Every structure is written in structure tokens, then in C-alpha cells.
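Open the model in a viewer and keep the selection panel at hand. The stops below say what to select next and what is there.

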Amino acid sequence: MLPDSVEHRIKANLQAVHPVLACREVGESVRFHRDPGFALLFQDTPDAPKYAAMGRDGVEIHLQWADAGQWACPVDRPTCRFRVADVDALYEEFVASGSISEEHGPEGPWARPSQTPWGTREFHLHDPGWNVLQFYSVR
């Protein structure tokens, strides 16, 4: 028999995590995330949305409007990491869709798929709210 605390944790296990990214313009961020294949799962209103959820391959990200006073851009932005099967193929898909451009690509060693010192191959980009999206494969 398991102790009550362990049994309770098994019944109350976590099912998913949905990062919420701050946006100045949710509609613009929805359009941006559609280019690399995210589908709109939910949007609070059709015109001038303040909250939306996007999904791809069983992964969700949520987009929420934030007042200008809530921004410490570009130095203090949230980061989401996505583990993928083939980071190079995903990068090529994003380039072909127009999701990766001068406007959305961060500077630095991971602007294109590269090996990291910590054993992954990854690339990073910014969404319109300057949230960082990191895509990586373990090699």
C-alpha cells in the first residue's frame, strides 16, 4: 500500500503545461503562429481578441494581451522550449512558411540550427511580442 501523500499525487498527476505568452496584439500573434503550422484552438472574440490558444502536434501555447506597462522588452521576455524530432526539418519548414525572417530571428549562435555545448541541436526565434521560442532536438 502506498502512503496517502504518494497515492494522492498519483491521482492528481499533471496532464499538461500551457505557457501563456504576453502579446500587445493577440491577432498579430495568432497570424504569426499559424505560419509554422499552429492551429487556432480558441479565441475569446473574432475581432480584437485578448486571449487565444494555438496548438500543433499535441502542444499548446496560449497568447494573452498585456498592457504596455507590463513589458520589460526586450530584456525580460518569457521563453518556451519545444522538443522536436528533427530540428533541421522544422527550421526549413519555418523558413518556407515565412516565420523566420530578419524581423523574428534573434541574433546569436542559435539563429539557425546549431549544436549547443549542452548536447542539443537548436534554433531560437522571437514572436511579435518578443517572447523567445526555442526548438531543439537531443542528439
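Predicted model: local features only at pLDDT ≥ 70, side-chain atom pairs only at ≥ 80, totals over all residues.

Select strand 5 and strand 8 together: the two run parallel and are joined by five bridges.

Thr-120 is paired with Val-138 of strand 8. Strand 7 and strand 8 form a hairpin that has five residues between the strands. In its turn, pick Trp-130, which has a positive phi of about 65 degrees. Now colour strand 8 by accessibility: six of its seven residues are buried, which leaves the strand mostly covered.

Next, pick Arg-83, which belongs to strand 5. Is Arg-83 buried or exposed? Its relative accessible area is 60%, so Arg-83 counts as exposed, the cut-off for that being over 50%. Beyond its neighbours within four places in sequence, Arg-83 is in contact with Tyr-136 and Val-138. Draw a distance from Arg-83 to Glu-122 as well: the C-alpha atoms lie 9.1 Å apart, while 39 residues separate the two in sequence.

- Strand 1 and strand 4 run parallel and share four bridges; Ala-22 has Gln-64 in strand 4 as its bridge partner.
- Strand 4 and strand 3 run antiparallel, joined by six bridges; Ala-53 stands opposite His-62 of strand 4.
- Strand 3 and strand 2 are also antiparallel, with four bridges; Gln-43 stands opposite Ala-52 of strand 3.

Strand 3 and strand 4 form a hairpin with two residues between the strands, where Asp-57 takes a positive phi near 55 degrees.

Within helix 2, select His-33. With a relative accessible area of 0%, His-33 is buried. Show what surrounds it: not counting residues up to four places away in sequence, His-33 touches Phe-38, Met-54, Ile-61, Leu-63, Asp-127 and Leu-133.

Rolling a probe the size of a water molecule over the atoms shows where empty space is left. How many cavities of 30 Å³ or more are there? The count comes to one, and the largest cavity holds about 30 Å³ of space. To find it, select its lining: Phe-32, His-33, Pro-36, Phe-38, Phe-94, Leu-125, Leu-133 and Phe-135. Helix 2 and strand 8 are the elements that each give two or more residues to this lining.

**The nonpolar core**

Which residues touch the most other members of the largest nonpolar core? Of its 21 residues, these are Leu-63, Phe-82, Phe-94, Phe-123, Leu-125, Leu-133 and Phe-135. The elements that contribute two or more residues to this core include strand 1 (20–23), strand 3 (51–56) and strand 4 (59–65), as well as strand 5 (79–83), strand 7 (120–126) and strand 8 (132–138). Helix 2 (26–34) and helix 3 (87–97) are also among them. Helix 3 gives the largest share, four residues.

Centre the view on Phe-94, which also lines the largest cavity. Apart from residues up to four places away in sequence, Phe-94 touches Pro-36, Arg-56, Ser-99, Ile-100, Phe-123, Leu-125 and Phe-135.

**The whole chain**

Finish by showing everything. The protein has three helices and eight strands, which follow the pattern α-β-α-β-β-β-β-α-β-β-β along the sequence. Of its 139 residues, 37% are buried. Among contacts between residues at least 6 apart in sequence, 51% join residues at least 24 apart.

Conventions:
Residues numbered from 1 in each chain as written. Heavy atoms only, no water. Core = buried A, V, L, I, M, F, W, Y, C linked by side-chain atoms within 4.5 Å. Buried < 20%, exposed > 50% of the residue type's maximum accessible area, 1.4 Å probe, protein only. Contact = heavy atoms within 4.5 Å. Pairing = 2+ DSSP bridges. 1 Å grid on protein atoms, 1.4 Å probe; cavity = no way out; pocket = protein on both sides within 12 Å on 5 of 7 lines; lining within 4 Å. Points joined across faces, edges and corners; volume = space filled by probe spheres on them.
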